[in-house]
Amino acid sequence: MKHLTRDELRALLTVAKAHSERDHLMILTGFWHGLRCSEIVKMRGTQIQDGHMTVQRHKGSLKTTQPLVSNADPLLDEKTAMEQRAEYVGDGLMFPISRSQFWRVIRKHAAEAGIAAHKRRPHVLKHTCGMMSIKAGIASTGAYLCVDDDAASKAVATAAVAFL
């Protein structure tokens with residue numbers, strides 16, 4: 001399982017933010033919520049409500065509702081930008097690009113950030129979210145694996161403090 005280190009994630013987010021707020025937000029949201037590429041590009045503004053994001057997971061996973069992440073570090077703060085974008089797009093797509101275009105976005109920014117070629121793919125964001133939880137400790141990982149969305153979100157937030 002390939003994942004980004006803390007420094008690689010920050011470098012990727014920094015490069016993306018310098019190029020495009022949209023790219024930064026797609027990558028950040030993919031990381032914070034462990035989303036698949038197709039889940040990101042199919043997201044609609046109506047999925048963002050009351051500080052939460054609801055996503056119908058693919059590949060047999062359950063529908064989930066998770067709080068948007070607020071962080072004092074603007075590089076890691078998704079909440080304000082997601083809510084503003086959702087209000088702007090309404091029922092439209094949050095990120096109106098194709099899966100293949102998202103792949104190109106990741107490859108481009110990851111290359112500029114100096115990330116190894118084998119990690120330049122969208123799915124690395126999902127793996128990074130999971131590995132962050134594991135590195136924070138087995139107790140938080142156990143909570144992350146629970147079906148309850150609130151427990152999983154709290155575990156990820158706790159793991160993020162240790163990881164980031």
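1. Helices here are DSSP runs of H or I with at least four residues, numbered from the N terminus. For D7, the relative accessibility is 55%, so it counts as exposed.

2. A word on what you are looking at: this is a predicted model, in which local features need pLDDT of at least 70 and side-chain atom pairs count only at pLDDT 80 or more, while totals for chains, interfaces and linings use all residues. Residues are numbered from 1 along each chain as its sequence is written, and side-chain values use heavy atoms, with hydrogens and water left out.

3. Which residues of α1 are buried? They are E8, L9, L12, L13, V15 and A16. Seen down the axis of α1, these buried residues fall within an arc of 165°, so they line one face of the helix; the arc is taken over the directions from the helix axis to the C-beta atoms.

4. How many salt bridges does the structure hold? There are seven, each being a side-chain nitrogen of Lys or Arg within 4 Å of a carboxyl oxygen of Asp or Glu. One of them joins D7 to R6, with the closest N and O atoms 3.1 Å apart; R6 is partly exposed, at 33% relative accessibility. Another pairs E21 with K17 at 3.4 Å between the closest N and O atoms, and K17 is partly exposed at 28%.

5. E83 and K79 form a salt bridge too, their closest N and O atoms being 3.0 Å apart. Both lie in helix α4 (residues 79–89), four residues apart, or about one turn of the helix. An α-helix has 3.6 residues a turn, so residues three or four places apart point the same way. E83 is partly exposed at 29%, and K79 is partly exposed at 26%.

6. Finally, have a look at C37 in helix α3 (residues 37–41). C37 is buried, with a relative accessible area of 8%. Leaving aside neighbours within four places in sequence, C37 is in contact with R99, F102, W103 and P122 (contact means heavy atoms within 4.5 Å). C37 and S98 are 61 residues apart in sequence, and their C-alpha atoms are 9.2 Å apart in space.

Terms used. Buried means under 20% relative accessible area, exposed over 50%, partly exposed in between (1.4 Å probe, protein chains only). Helices (H or I, at least four residues) and strands (E, at least two) are DSSP runs, numbered from the N terminus.
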